[in-house]
Amino acid sequence: MILLAISLLFSLVFILFFPFSFTLLITTLCLLVIIFLAIAYFVKRHRRFYILLSLGIIFAFTLAIPKLLDYQTTFNYLPQTDQYQFKINKIYSDSNAGEVIITAPDKLKNYAIQLYNLPKNQPLLLNAIYETSLTIQPNRAKATFTKLNPRLTHLVNRRIGTANIKEPLKLIQAPNSLMTTRNNISNYFQGHYFQNADLMSALSVGLTHLLDQSTWDLLRQTGTIHLVAISGLHLTFIALWCFIILKTLLGFCMIQKPAPYQIAAVISLIIAIGYALLAGMSLPTQRALIMFAIFMIALLIRYPILNFQSLATALLIILVLSPFSVVTIGFWLSFTAVLILMLLSQYRFSFIISLLLTQLIISTLAIPIVASFFNEISLISPVANLFAIPWTTLLILPFLLIGLLILPISSSIGNTLLQLSDHNITTLLNFLRVMNQIPYSHIEVPYISLLTAVLITVLSLLLIKKTYWKYRLCYGFGIILTIIHTFKPNHDEYLLALPVGEGLSVLLKSHDQTLLFDTGPYFRGFDSAEITTLPTLKNINIQALDNIILSHDNQQHIGGTKTIRKAYPNAQMITHPSLQPLFNQSANCQEYYFQSNQLIIEPLNTQKSCAFQITLHDQKIWLIANITTSEWLKVLYKNDKPNVVLFPNKGRSHGYKIPKGWDDVILISSTKKIHANNQRHNMYNAYYGAIKVNISPTQLQLQSAQDTANFWWFNPSVTNQQ
């Protein structure tokens with residue numbers, strides 16, 4: 001069971017992240033299965049080992065590939081306009097948007113879309129089914145090279161598109177009784193003005209849509225975000241206390257057959273299932289319930305609870321039910337925490353030392369995984385959790401859940417318990433805020449790939465396992481080498497076009513200058529600089545900008561300036577003449593010139609917007625925003641052929657002639673739809689994913705973060721091969 005589960009796990013990861021074509025993937029998987037089965041046939045001693053490896057690969061193929069192909073086929077089916085029925089899954093508290101799951105028609109059934117312009121005068125009910133006419137557009141992942149590709153999150157949630165509500169919604173089906181109960185509990189907290197109604201809803205019934213971004217940030221930065229997910233912590237606490245109380249009471253009743261602990265295990269499992277249903281049966285809740293159920297079954301059959309066979313069984317069931325959960329942070333953190341508990345059980349420590357050591361190791365080993373998903377780590381997480389976990393499990397959850405149970409019987413007693421829980425939540429938040437104000441309580445780190453984070457975590461688990469010191473030295477050496485390789489200084493020089501939507505933001509990084517050409521759009525509260533540009537600059541460790549260039553007065557190009565200037569106040573502003581009155585001591589872009597041994601920055605002769613020719617290691621780069629067609633012709637006539645061109649008007653307008661002989665020129669656009677006259681094999685669109693051009697004296701190397709360039713299962717050619 002252990003080997004089969006591990007083989008399935010890493011086969012799924014291999015299939016998801018395979019960097020080449022679908023055909024090559026199938027060939028590779030078939031060859032591996034054939035080789036393993038051949039070895040099993042000829043080597044009898046390890047026959048079971050290789051057969052289980054082969055079964056894991058076959059199982060992964062069966063689980064993942066049909067789902068991936070179906071996801072791609074459905075995605076390519078969009079855009080579509082139709083009459084849709086959908087179930088409200090999430091409502092975002094900070095905007096009039098939410099996530100819904102399509103229930104009809106069948107072509108998109110069970111797929112999720114993000115829905116915008118939710119009606120403010122018609123309160124929507126979670127889990128209710130509505131109907132209206134929608135035009136569903138395929139969603140854009142906005143992938144960069146500095147965080148886990150958002151397409152993977154979309155895949156896990158079966159999210160494929162976006163739509164705007166333009167017509168009234170018709171209620172088709174009200175929420176079921178269970179969801180109505182959840183909504184009523186959440187509404188009760190809000191209606192009775194509990195100070196922490198949002199967190200009380202999250203902790204009791206798993207409704208997190210009321211939490212604002214500042215609360216999420218506080219929990220993430222202190223490493224306590226797991227407290228608001230109905231997961232192993234909550235289920236284990238509730239079921240364990242029920243188990244202990246029932247076992248004690250049944251023991252007093254002198255019941256011998258079946259044994260009190262067996263009756264208590266069954267009842268506590270039923271209670272855990274009921275609580276999981278009340279909490280919405282989200283993916284983390286399902287995972288926690290499966291793991292708890294496996295351990296309770298092990299107890300019933302008198303098998304050791306903390307054993308690798310039980311954990312492998314839970315892993316196998318979870319992967320069968322949700323094969324793509326391997327790219328979620330909760331999956332890795334849950335199994336890492338349980339593995340740590342099992343490995344530390346090999347040692348003999350006092351209770352206090354064991355508690356402190358367990359919390360310290362869990363928080364430490366979670367760092368690579370957390371850094372991979374959030375690009376930051378909490379240095380105070382061990383201390384924060386040492387207080388937050390017992391405080392939540394002993395002084396918040398008991399009062400909260402018992403108060404809810406007593407409320408229908410005695411509202412005064414129930415409200416008193418709920419107020420105690422509310423007060424204790426306030427105390428916890430105050431403690432976390434104090435901890436978060438400590439200097440360097442959390443630090444931002446460069447992006448760590450998920451595969452690298454998993455490798456460091458696995459080596460760390462092996463390091464704490466009881467084994468020979470020579471093996472531990474090897475594991476420790478492997479961790480050090482991996483960390484050194486991951487965080488080695490980056491001396492690359494490159495041009496990076498960011499996926500900011502219908503707008504422009506391009507970074508040039510060289511040894512002599514680091515400049516940002518435009519800051520991206522700002523539209524109706526959407527600040528691309530805050531969402532994309534600034535996080536990317538931080539994740540690639542851009543400590544300072546020498547120049548911020550604003551090409552012309554257009555919100556698609558300069559909307560994020562306030563955000564960028566706040567982060568980089570010492571950067572020199574180089575602007576179009578029309579923008580100079582808005583910025584003190586800004587330089588006129590048409591007069592700006594810079595030269596060093598390897599870098600020359602000089603203006604191109606344009607008036608409508610700023611444009612530059614940059615020569616780096618004899619490679620010529622044209623940075624152009626919105627210029628007229630006549631200015632474009634003059635630029636072509638007066639300058640030699642470039643190597644890289646930021647195409648005029650982001651590539652969406654006609655009339656910009658592309659000269660013959662430019663087949664080897666890298667053309668970069670940034671628009672939802674490139675104009676037909678501009679479509680070329682060498683035109684790369686940053687709208688759907690960052691475009692990076694590495695610049696060296698001998699060559700240019702292009703990288704794309706687009707889905708089609710990184711995932712075989714998102715390449716349109718795969719559909720044609722089926």
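Rings of Phe, Tyr and Trp (for Trp, the six-membered ring) count as a pair if their centres lie within 6.5 Å. With that in hand, have a look at Tyr 71, Phe 75, Tyr 111, Phe 711, Trp 713 and Phe 714: they form one aromatic cluster. Keep in mind that this is a predicted model.

**Aromatic pairs**

The structure holds 26 aromatic pairs. One of them is Phe 36 with Tyr 50, whose ring centres sit 5.9 Å apart with 35° between the planes, a tilted arrangement. Phe 36 belongs to helix H2 (residues 22–42) and Tyr 50 to helix H3 (residues 47–77), so this pair links distant parts of the chain, 14 residues apart. Phe 36 has a relative accessible area of 19% and is buried, since the cut-off for that label is under 20%.

Phe 331 and Trp 332 give another kind of geometry: with 5.2 Å between centres and planes at 85°, the pair is edge-to-face. Phe 331 is buried, its relative accessible area being 1%, and Trp 332 is buried as well, at 10%.

**Charges over rings**

The charged end of Arg 472 sits over the ring of Trp 469, 4.8 Å from the ring's centre. Over the face of Tyr 494 you'll find Lys 692, at 4.4 Å from the ring centre.

**Salt bridges**

How many salt bridges does a search of the whole structure find? It turns up seven.

| Salt bridge | N to O distance |
|---|---|
| Arg 159 – Glu 99 | 2.7 Å |
| Arg 220 – Asp 217 | 2.9 Å |
| Asp 664 – Lys 641 | 2.8 Å |

Start with Arg 159 and Glu 99, which form a salt bridge at 2.7 Å. Arg 159 lies in strand E5 (residues 159–164) and Glu 99 in strand E2 (residues 97–104), so the bridge ties together parts that are 60 residues apart in sequence. Are the two partners buried or exposed? Arg 159 is buried, at 8% relative accessibility, and Glu 99 is buried too, at 2%.

Arg 220 and Asp 217 meet in a salt bridge within helix H7 (residues 213–221), where they are three residues apart and separated by about one helical turn. Asp 217 is partly exposed, with 23% relative accessibility. There is a further partner here: Asp 217, Arg 220 and Glu 376 are linked in a network of salt bridges.

Asp 664 and Lys 641 form a salt bridge with their closest N and O atoms 2.8 Å apart. Here both residues come from loops: Asp 664 from the one between strand E21 (644–646) and strand E22 (666–669), Lys 641 from the one between helix H22 (629–638) and E21, so the pair ties together parts 23 residues apart in sequence. Asp 664 is exposed, with a relative accessible area of 55%, whereas Lys 641, at 41%, is partly exposed.

**An annotated span**

One more item comes from a record. An unreviewed UniProt entry lists residues 500–596 as "domain: Metallo-beta-lactamase". In the model, that span is 24% helix and 25% strand, and its end C-alpha atoms lie 31 Å apart.

Methods:
Residues numbered from 1 in each chain as written. Predicted model: local features only at pLDDT ≥ 70, side-chain atom pairs only at ≥ 80, totals over all residues. Heavy atoms only, no water. Salt bridge = Lys/Arg side-chain N within 4 Å of Asp/Glu carboxyl O. Helix = DSSP H or I, 4+ residues; strand = E, 2+ residues; numbered from the N terminus. Buried < 20%, exposed > 50% of the residue type's maximum accessible area, 1.4 Å probe, protein only. UniProt positions renumbered as here; feature names shortened; annotations may be inferred. Phe/Tyr/Trp six-rings, centres within 6.5 Å; stacked < 30°, edge-to-face > 60°. Lys NZ or Arg CZ within 6 Å of the ring centre and 35° of its normal.
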